[in-house]
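Colleague: Please take a close look at a single part of this model for me. I would like the charged pairs, one by one.

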Amino acid sequence: MGQKFKAMFEVRRDSILLSYGIFLIAMVFGIILCFFTMDGKDFDSIRYAAVIGGASIYFSISLFFRIVYYSMESQRAVLFGMTRRDTFIFEKIIDFIEIATLAVVCAVLLPGGKYLLVIKLAVLTFAFFSWLEAICGNLVIKFGKTGYWVCYIGIFVVFLGLPKLIQFVPAVRDALGKIAEGMVFSDQSQGIYWGAMAGVIALALIGHWILFRKISVSSLAE
């Protein structure tokens, strides 16, 4: 298992370094911006700026490069002799480690001991990236540039259309409100929140494996 993990880490090294580099640069950028505000010299404000800047830009940019890197790395791992099962398992393990590491940094930097909130956001990020790779990443592997453009157009439609959907569909607004309450308030519906997150991640992983397993060998070898 150690050799397989090491092999997968070598395949994923460039994207991991890129992720950490983006996070670090965004943290520095957030701190610099903080110094131009009224509270720029307040230590807590600097810590908030570092975490919010790093996390938000990391998440935003990951939407664009993660799909491409996932498709390239999955193909490379299979071509290097890893089975699909091992590729899938160790990709998810490394995804988890990457997000967990950044979550630890955020939890340490944030004032007020907001550890539970950071953990919830990390779990939500892992769930979102799992779905992103399951759907978009596998589409890019199978259909190439066509899948790539379909995914990015779909992402833009979702992000532009979601505010309108929230505005005009009360059920969606209420559901997102419950999720937000579960994240922010530790005494509200925690069992439901964690159960929902576990279900979302489980469905993403199952769907990811089914889609990845059905991709033809010729698509993985391209």
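Modeller: A salt bridge here is a side-chain nitrogen of Lys or Arg within 4 Å of a carboxyl oxygen of Asp or Glu. The model is predicted. By that cut-off the structure holds eleven salt bridges.

Start with Lys 4 and Asp 86. Their closest N and O atoms are 3.1 Å apart. Lys 4 sits in helix H1 (residues 2–34) and Asp 86 in helix H3 (residues 84–109), so this pair ties together parts 82 residues apart in sequence. Lys 4 is partly exposed, at 37% relative accessible area. Asp 86 is buried, at 9%.

Next, Asp 95 and Arg 12. This salt bridge has its closest N and O atoms 2.9 Å apart. Asp 95 belongs to helix H3 and Arg 12 to helix H1, so parts 83 residues apart in sequence are tied together. Asp 95 is buried, with a relative accessibility of 2%. Arg 12 is buried too, at 4%.

Now Glu 133 and Lys 92. Here the closest N and O atoms are 2.6 Å apart. Glu 133 is in helix H4 and Lys 92 in helix H3, so the pair ties together parts 41 residues apart in sequence. Both residues are buried.

Just after H4, Gly 144 has a positive phi of about 65°.

Finally, the network. Salt bridges link Arg 12, Arg 66, Glu 73, Lys 92, Asp 95, Glu 98 and Glu 133.

How values were computed:
Residues are numbered from 1 along each chain as its sequence is written. This is a predicted model: local features need pLDDT of at least 70, side-chain atom pairs count only at pLDDT 80 or more; totals for chains, interfaces and linings use all residues. Side-chain values use heavy atoms; hydrogens and water are left out. Helices (H or I, at least four residues) and strands (E, at least two) are DSSP runs, numbered from the N terminus. Buried means under 20% relative accessible area, exposed over 50%, partly exposed in between (1.4 Å probe, protein chains only).
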